[in-house]
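Trainee: Hi! Could you walk me through this one?
Mentor: Happy to, here it is.

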Amino acid sequence: MSHYCDLAPGHPFHGPYHDAEYGFPVDDDRTLFERLVLEINQAGLSWLTVLKKRDAFRLAFDDFDIDRIAAYGVDERQRLLSDASIIRNRLKVDAVIHNAGVVQALCREHGSFKAWLDHHHPQPHADWVTLFRKTLRFTGPEIVGEFLMSTGYLPGAHRDECPVLVRILNAGPAWQAA
């Protein structure tokens with residue numbers, strides 16, 4: 001079985017993501033939301049497809065500004081569904097808009113999206129999935145697992161012998177303290 005640490009090094013898209021983002025703790029709500037949006041859009045597709053469209057997603061979704069996305073109406077939804085530079089899946093677009101509103105509410109209640117995640121950490125993957133499914137749309141086990149691994153809440157993003165793991169451990173991912 002191939003692992004991301006085997007595939008990514010030296011690859012023009014996977015390499016930079018693997019080396020500088022995947023598994024590192026994330027403190028910024030906008031970046032957390034971006035990761036959630038990217039994971040939702042990856043469902044049924046390759047991660048490479050999503051990484052290649054990442055800049056287009058940033059542009060289409062107002063640089064992942066949670067408040068702006070939560071305010072999207074019919075015109076913005078139609079614009080997104082007509083934008084060939086992103087993944088034009090109605091369920092995914094609707095989930096992103098809906099989830100932006102949910103994240104706004106979580107921020108009001110907990111102070112930030114990160115604080116909401118921290119409030120529920122640590123817990124097993126299955127419990128995270130239950131929480132996400134109860135709270136957000138389009139968040140099954142794979143999406144939740146990859147989102148949490150990619151943002152440092154769950155271990156497993158890198159092989160033990162991967163040199164990037166040392167840098168992640170030095171950055172203090174949430175799973176390390178669990």
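Trainee: Is His121 buried or exposed?
Mentor: His121 is buried, at a relative accessible area of 18%; buried means under 20% relative accessible area, exposed over 50%, and partly exposed in between, using a 1.4 Å probe and protein chains only. Keep in mind that this is a predicted model, where local features need pLDDT of at least 70, side-chain atom pairs count only at pLDDT 80 or more, and totals for chains, interfaces and linings use all residues. Residues are numbered from 1 along each chain as its sequence is written, and side-chain values use heavy atoms, leaving out hydrogens and water.

Trainee: Where is His121 found?
Mentor: His121 is in the loop between α9 and α10. Helices here are DSSP runs (H or I, at least four residues), as are strands (E, at least two), numbered from the N terminus.

Trainee: And which residues does His121 touch?
Mentor: Not counting residues up to four places away in sequence, His121 touches Trp128, Tyr153, Ala174, Trp175 and Ala178. Touching is a contact, meaning heavy atoms within 4.5 Å.

Trainee: New topic: how many disulfides are there?
Mentor: Zero, from a search of the whole structure; a disulfide is a pair of cysteine sulfur atoms within 2.5 Å. Cys162 is in no disulfide, and its nearest cysteine sulfur, that of Cys5, is 3.6 Å away.

Trainee: Is Cys162 buried or exposed?
Mentor: Cys162 is buried, with a relative accessible area of 6%. Cys107 counts as partly exposed, at 21% relative accessibility.

Trainee: What comes just after α8?
Mentor: Gly111, which takes a positive phi of about 100°.
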